[in-house]
Amino acid sequence: MDPVLEVRDLSVEFRTARGRIKALRNVSFSVQPGRIVGIVGESGSGKSTVLWSILDLLAGNAIVTGGQIRFEDRDMLTRSTQEMLALRGEDVSVVFQDPMTSQIPVLTYARQMRDILYRRRGLGKARKREMSVEMLDKVGIPDPDMRVDQYPHNFSGGMRQRAGIAMAMLTGPRLLLADEPTTALDVTMEAQIIHLLREMQRETEATVVVVSHNLGLIAELCDEVVVMYAGEVVEAGDVRDIFHHAQHPYTRALLECDPARIEEKSHRLPVIPGDIPDLVQPPQGCIFAARCQRVMPRCLTEAPPLVEDGQGGYARCHLLAGPGHDVNWPPPPEVLTVARGAPATTGAKAVSSEPLLEIADLNVQFNTMGPVWAKVRGVKQPWVTAVVDASIKVHAGETVGLVGESGSGKTTLARAALNLVGSQGGSVRFEGQDIRGMAEAAFKPFRRDMVMMFQDPVGSLSPRKSVRALITEPMKIHGIRNVDPDHEAERLADMVRLPKALLSRYPHELSGGQARRVGAARALALNPKLVIADEPTAGLDVSVQGEILNLMAELQAEHGLGYLIITHNLPVVRHISDRLAIMYLGRIVEEGPADEVFAAPLHPYTETLVRGVPQPDPDRRRTHVVVKGEVPSLLNRPRGCDFVSRCPHARALCHQVVPPHVTAGHRRTHACHFPLGAASIPEKEGSSR
Amino acid sequence: MIAYLTKRLGLSVAVVFLVVLMLFSLLQLIPGDPATVALGPRATPEAVARYAEKMHLNAPVWQQFLIYAGNAATGDLGIDVFSERAVTTIILERIGFTLALIFAAMGWAMLLGIPLGCLAAVKPNTWVDRITGVLSVGTIAVPSFLVSIWAILIFAVNLRWLPAIGAGEPGDTADQLTHLILPAFAVGLSWVGYLARMVRASMLEVMGETYIRSARAFGLTQRRIVFGYALRVAILPTITLIGMGFGGLISAAVFAEIIFARPGLGKLIFDSVMARNFPIVQGGVLVATSLYLVVVLFSDLLIAWIDPRVRDSL
């Protein structure tokens, strides 16, 4: 069969002040009709550039320097503007990455979808609306007839992505492109969207190209995979071959770095050392040579051969053919090919018995209207409770993972602990002293001992300060004068393994991993006892996130730090946490030792998070979606258990009574009337507080 | 929505009240007896006494203020000292000329400035953009009274295409319109530049948004993307600017009305200040302020009408 899409030798360059970035070099792959092909790669791999090249919608400074993109036997690159306008949205359509920013906020869905149908002149306005309603219904939007007249901001994140898929499928395109379709969504939403995409593909028999860094998504959704690294295709093939018999060392390393694939708990995560090469002057030979564990002298000088596997797949590597051929490559799956490094701690970690941070029954409320207006309208509770009766302890030398989806209140809890937002009840103790609601002047000394590592590493650094100034800023703030700032900057850079040459750089010149290191250095500048890290790996590539987490583990071992790690990423955090606390709608629903919680969840929501992550294994695809719907708004908290509206095991009692916190077994607590696997765990009634 | 309107109207009333208070205190702060100030130094004692009685000048100050504020609230802005006609009537006679001037000036500035800004943003760093940029800065920098004088010299004196002064024969709309052209041109010119710059800046920002790329990916035409999508978002800050600009336009109109001898509100206030005709100054400023508040409120409501996010948060 002729391929629907065939990319041949595509090369794209970007003109920048530093010179021409050779973003794509001789990229070739083809897509057979009715297949789902995944393009996988880390940031800088050029996977999005491929996607936008197909639509001829590259940024203004991009130049296509060579190659062809054949769609149904005609080259896209030679089509006129008029022809491209007729094609986009009609024959080729796109599902976008972030539904929050990719839909215009000031037009209703009815209008946006009518505009997409503008080429169908024969259809009346009413018919176009009807088609939109039908399509919204098909993607699972309730009350589509009413919803179609709403605006994007009236939709929740998951619903918006559903609507985005509806817009893309509206014209019945023959080729659907999806650009990181689940990256902006929560875990439970991700599973639903993957499911929906697969269903829509089956129904319309469209050909789909998915671009993603998420191996789980690729394994779960795709038939074939194209692996890209630094602007080149390094390997391509059937999804099972790629995930089970990866030929290229990069593919192999990428798979090994994915924490979701590592079954046993591991305090040290594997990493691919080094950075992506500078594409202004791409290195000779193999593009991956500088970071490859199996690099040979010829890799640095000679371009690797393309070796086919006889089933349509291929990889480019000297290990597979020619003089460098190694019959023992690739090694069996259980052998690790990438560096993991020595474990930071030998044996048990030194965990103190007295808690460093002890939060008990903390409540945080946010006002929804002014007090006067609330009186006028007769609203008795003009607030929402973002954190409800939360209790959590962190000991010195211990790592506690606080896990939940967006809107679960995990960041609010951390901010309340640090006195950055007011709290309305309960207590926060640091080394035994109650610090809740302390005046800022009295609290300031505590800020040296308990610090926050912020989520957005670049956004939380002042763009006009050098790295040197940034990492010594905490000393300035706390008026520490008897130190040499230059010496301190170098000491801290050493501590977080940041090359000293970077000290005079500015935040925008740093890579994501380097910016995280600066953030860590700032947090550690004053030798704190407790570090609260907000999503320490969000936005980092798989091969880099291990480096940051390993660094954090090393620093903990050296300095006996207590960590509270806030994240939505359960697979990552379970490897480095001693204990996990799972949060839903402001309540901690389960807490206990990390491996136990992960292996045998008691609360159905924990189970959802554990099972909700798409597995990077095409043989373990889920056939059904574990949990439906989305996190409800704080404004209409369900009656009874907070999770009742989405819980697959909910019974009558759950709708009426808020489940109390119950201690179950060894150091485990949960808030569920009917905990999973309850029979096997001896239960003991009573409050855990 | 209703809560929002109530709040905004309440705030507007508070602003007007403050303005009334300031205008009233101004009269109290001027040295000398208000009656003498009003009637002049050569007024007879009887006349002063009669005036003081009529104007409640013998009552305590706070009572005087309440009487004034109460009258103003019912539309009675007092009596002109010279003609003894009601101030409200005099202002109503004149305000039409000012409103016509302001709306004509802003109207043509919008009709030209907004498309120019769009054009410059859609073709950034081309000759269209550069010329628009230079012209914008140029027109912003030149004060409107200078433009007025040049406009009279060129179009009225040398070319004799348009009348130089006055507002035209009452009742003759065509004549009134020809008299409106030059002042509206002079007052609006710098606004063409302002609006072009403003629209260009916000258009450039919006054209870089992800949803514009989405619209392109769905194959929408450039025209629909620019005018149907991007402008709808980019115009929002411009509307606020225009609303606020009306305050500036009222003072720009003073110059134009003096130079072109148009019998508008600005000229009325100016003449009354010169003649120390305080009831008219007070009334004129009060009306101008209220007008401004109405326009600002209107522009905020317009934004809410265009942007559903703002509408839902009201």
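Me: Which domains does the assignment give for chain A?
Reply: In this predicted model, the domain assignment of chain A gives domain 1 as residues 92-172 and domain 2 as residues 355-684.

Me: And what separates the centres of domain 1 and domain 2 of chain A?
Reply: Taken over C-alpha atoms, the centres of domain 1 of chain A and domain 2 of chain A are separated by 36 Å.

Me: Staying with chain A, at what angle do α6(A) and α7(A) pack?
Reply: Helix α6 of chain A (residues 157-169) and helix α7 of chain A (residues 187-204) pack at about 15°, and their axes are 10 Å apart. An angle under 35 degrees counts as roughly parallel, and α6(A) and α7(A) are therefore roughly parallel to each other.

Me: Is the crossing of α6(A) and α7(A) left-handed or right-handed?
Reply: The crossing of α6(A) and α7(A) is right-handed.

Me: Which residues meet there, in α6(A) and α7(A)?
Reply: From α6(A), the residues are Gly157(A), Gly158(A), Gln161(A), Arg162(A), Ile165(A) and Met169(A). They meet Met189(A), Gln192(A), Ile193(A), Leu196(A), Leu197(A), Met200(A) and Thr204(A) of α7(A). By class, this contact of α6(A) with α7(A) has seven nonpolar, five polar and one charged residues.

Me: Now chain B. How many helices and strands are there?
Reply: Chain B has 13 helices and zero strands. The C-alpha atoms of chain B fill a box of roughly 85 × 55 × 35 Å along the principal axes.

Me: How many residues are in chain B, and what percentage is buried?
Reply: Chain B has 314 residues, and buried residues make up 35% of them. Considering contacts in chain B with a separation of 6 or more, 70% are between residues 24 or more positions apart.

Me: How many residues of chain B are in contact with chain A?
Reply: In chain B, 20 residues are in contact with 23 residues of chain A. On the side of chain B that touches chain A, α9 (210-217), α10 (222-259) and α13 (308-313) each supply at least two residues. The largest share, six residues, comes from α9(B).

Me: What classes of residue are on that side of chain B?
Reply: The side of chain B that touches chain A has nine nonpolar, four polar and seven charged residues.

Me: Back to helix packing. How far apart are the axes of α7(B) and α10(B)?
Reply: The axes of α7(B), residues 144-158, and α10(B) are 9 Å apart, and the helices pack at an angle of about 25°. That makes α7(B) roughly parallel to α10(B). The crossing in which α7(B) passes α10(B) is right-handed.

Me: Which residues make the contact of α7(B) with α10(B)?
Reply: Ser144(B), Phe145(B), Ser148(B) and Ile149(B) of α7(B) make the contact with Ala252(B), Phe255(B), Ala256(B) and Ile259(B) of α10(B). By class, the contact has six nonpolar, two polar and no charged residues.

Me: At what angle do the axes of α7(B) and α8(B) cross?
Reply: The axes of α7(B) and α8(B), the latter spanning residues 173-207, cross at roughly 140° and come within 9 Å. The two helices α7(B) and α8(B) are therefore oblique to each other, and their crossing is right-handed.

Me: Which residues meet in α7(B) and α8(B)?
Reply: On α7(B), they include Val147(B), Ala151(B), Ile152(B) and Phe155(B), and on α8(B) they include Leu182(B), Pro183(B), Phe185(B) and Leu189(B). The residues of this contact divide into 11 nonpolar, three polar and no charged.

Conventions
Residues are numbered from 1 along each chain as its sequence is written. Chains are lettered from A and ligands numbered from 1 in the order in which they are written. This is a predicted model: local features need pLDDT of at least 70, side-chain atom pairs count only at pLDDT 80 or more; totals for chains, interfaces and linings use all residues. Helices (H or I, at least four residues) and strands (E, at least two) are DSSP runs, numbered from the N terminus. A residue is buried if 20 or more other C-beta atoms lie within 10 Å of its own, exposed if 12 or fewer, and partly exposed in between; C-beta atoms are placed from the backbone. Two residues are in contact if their C-beta atoms, placed from the backbone, lie within 7 Å. Domain bounds come from an automatic or database domain assignment. Ala, Val, Leu, Ile, Met, Phe, Trp, Tyr, Cys and Pro count as nonpolar, Asp, Glu, Lys and Arg as charged, and the others, Gly among them, as polar. Axes are lines fitted to C-alpha atoms, for helices over the stretch in contact, and angles run from 0 to 180 degrees between N-to-C directions. Angles under 35 degrees count as roughly parallel, over 145 as roughly antiparallel, 65 to 115 as roughly perpendicular and the rest as oblique. A crossing is left-handed if the near helix is turned anticlockwise from the far one by less than a right angle, and right-handed if clockwise.
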